[in-house]
Amino acid sequence: MSHFTERLYIETKDSHTAVDRHPFVSMIRKDKLAGEMYINFNKICIHELQQVLELKDKNLQNKLHRDIDIPDMFITNTLSTLLQHCRKYPLESAYQFYLGLLFGGNMLKRMLPEYHEFLTYNDSKELISNFKEYLNYNVTEQDIFIYNVNESYKLIKKLFDEFYTRLNNKVDNKSDIKPTPLDVQETRQLDGGAGTYPQEDGTF
């Protein structure tokens, strides 16, 4: 019997790959500012989703939780839209951002050792397995979940476009960037409540 997370991986693979292979992601290996932007982007998105995420499995939620010092980061219109998405669909966003850290954390720590604490999970393989199992048993509106994950990846790609342009053209961080509407479908809260990412191995 196939599991939802297998379908989720297959049907979001293209949009996920577009983010993973973005030239901005390659820059974080050598460019300190790119690395800082990347980490801060993850921190602020995880902080937003954690404000509203309510898993039925409180032990799992506690283990996934990150204590975050809110970074000083200019919020563009695109990032603002992404943060709204994180709050509206926290479980979809948790799938992207928590698993992004769990899968890619070890490699990121080698590239960005100053963020070791934020990138480190205990028992990451067990957490990956437990979170996937949680999704398999608790996501009922699968089509909408997949749709929203894909839309989020598209928005992340646009944000990475902005980061890449800013780093290469030295665009002022406070330049006027037109907002990008996010066409998300309505879905009921999956858990009763209100990325991305270099990977070393495995799949989301």
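**Reading cysteines, a histidine and a pocket**

A: A search of the whole structure turns up zero disulfides (pairs of cysteine sulfur atoms within 2.5 Å). This is a predicted model, where local features need pLDDT of at least 70, side-chain atom pairs count only at pLDDT 80 or more, and totals for chains, interfaces and linings use all residues. Residues are numbered from 1 along each chain as its sequence is written, and side-chain values use heavy atoms, with hydrogens and water left out.

Q: Is C45 buried or exposed?

A: Buried means under 20% relative accessible area, exposed over 50%, partly exposed in between (1.4 Å probe, protein chains only). C45 is buried, at 0%. C86 also has 0% and counts as buried.

Q: Where does H85 lie?

A: H85 is in helix 5, residues 77-88. H85 counts as buried because its relative accessibility is 3%. A polar atom of its side chain lies 3.3 Å from the backbone oxygen of N148.

Q: How much space lies in the second largest pocket?

A: Rolling a probe the size of a water molecule over the atoms shows where empty space is left. Here, the second largest pocket holds about 180 Å³.

Q: Which residues line the second largest pocket?

A: Among them are K43, H65, R66, D67, E114 and Y115. By class, the lining has six charged, three nonpolar and one polar residues.

Notes. Helix = DSSP H or I, 4+ residues; strand = E, 2+ residues; numbered from the N terminus. Polar contact = N/O pair within 3.5 Å; in protein donor to acceptor, adjacent residues only side chain to side chain. 1 Å grid on protein atoms, 1.4 Å probe; cavity = no way out; pocket = protein on both sides within 12 Å on 5 of 7 lines; lining within 4 Å. Points joined across faces, edges and corners; volume = space filled by probe spheres on them. Nonpolar A, V, L, I, M, F, W, Y, C, P; charged D, E, K, R; others polar.
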